[in-house]
Amino acid sequence: IFSLDSAYTPTTMAVTVSGDYGYCLMVAAAIGIQNLALGAGIMRQRKRLFGQDSPYRKTDAWKNLEEDHKKAFGGPIDQFGYPDMGSGKYAHLLSLEDWVRFNNYQRSHQNGLESIAGVLASLILGGLKYPLLLAVLGLGFILGRQLYAWGYRSKGAKGRITGALTFELCYVIMLFSTLYGGAEMAGVVAGAKTLVGL
């Protein structure tokens with residue numbers, strides 16, 4: 001029978017953090033700030049399209065939906081159109097141009113959320129071993145995310161390519177740098193070199 005007590009022997013490891021690691025922390029904070037800024041762009045679109053001054057709120061279709069909403073939930077539709085993420089009942093009332101624009105903003109932000117956990121983990125953990133490399137790659141990620149958002153919001157899906165290539169390349173290098181740094185710290189790299197006679 002497997003017993004955690006008998007199989008696990010705790011070990012300690014001293015970690016010396018270089019002063020350059022501070023760059024990783026600053027870049028991590030900058031990624032968070034960028035995420036907030038991109039989210040603010042969506043909020044402006046939500047206010048324009050679903051807010052109290054929106055021309056859509058004056059249409060019969062909106063008024064009928066508002067009535068149904070009050071019956072179902074006991075109150076009016078949220079002033080920013082929540083929980084609609086661009087493909088729900090509220091968004092179906094938008095013109096095609098406004099619907100596409102709203103979804104471009106939404107997608108440009110969502111794409112960043114899909115990778116932010118891995119980027120921050122690589123930056124914080126990989127930065128312990130390679131602080132300057134990971135900080136520079138993190139800045140490249142920020143630049144790529146910004147190019148992606150600007151391109152997607154202004155030109156649609158075709159406008160995202162330069163930014164996507166930039167931030168994905170940085171992200172992949174960050175992941176492999178972190179993996180290699182971990183393997184080196186764990187002795188796997190040295191063991192592999194010994195195994196092959198290097």
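Let's start at Pro55, which is exposed, with a relative accessible area of 55% (exposed means over 50% relative accessible area, buried under 20%, and partly exposed in between, using a 1.4 Å probe and protein chains only). This is a predicted model, where local features need pLDDT of at least 70, side-chain atom pairs count only at pLDDT 80 or more, and totals for chains, interfaces and linings use all residues. Residues are numbered from 1 along each chain as its sequence is written, and side-chain values use heavy atoms, with hydrogens and water left out.

**Around Pro55**
- Pro55 sits in the loop between helix 2 (21–50) and helix 3 (60–73); helices (H or I, at least four residues) and strands (E, at least two) are DSSP runs, numbered from the N terminus.
- From the C-alpha atom of Pro55 to that of Ala30 is 36 Å, and the two residues are 25 apart along the chain.

**Cysteines**
- You will find zero disulfides here, a disulfide being a pair of cysteine sulfur atoms within 2.5 Å.

**Aromatic pairs**
- The count of aromatic pairs comes to six; rings of Phe, Tyr and Trp (its six-membered ring) pair if their centres lie within 6.5 Å, with planes under 30 degrees apart counted as stacked, over 60 as edge-to-face and the rest as tilted.
- One of them joins Phe50 and Phe102 edge-to-face, at 5.6 Å centre to centre and 90 degrees between the planes.
- That pair links distant parts of the chain, since Phe50 is in helix 2 and Phe102 in helix 4 (residues 96–126), 52 residues apart.
- Phe50 is buried at 0% relative accessibility, and Phe102 is buried with a relative accessible area of 0%.
- Phe141 and Phe167 are edge-to-face because their ring centres are 5.6 Å apart and their planes lie at 80 degrees.
- With Phe141 in helix 5 (residues 131–155) and Phe167 in helix 6 (residues 161–185), this pair ties together parts 26 residues apart in sequence.
- Both Phe141 and Phe167 are buried.
- Phe50, Trp62, Tyr90 and Phe102 form one aromatic cluster.

**Charges over rings**
- The charged end of Arg46 sits over the ring of Tyr82, 4.0 Å from its centre; this applies if NZ of Lys or CZ of Arg is within 6 Å of the ring centre and within 35 degrees of the ring normal.
- Arg145 lies over the face of Phe167, 5.3 Å from the ring centre.
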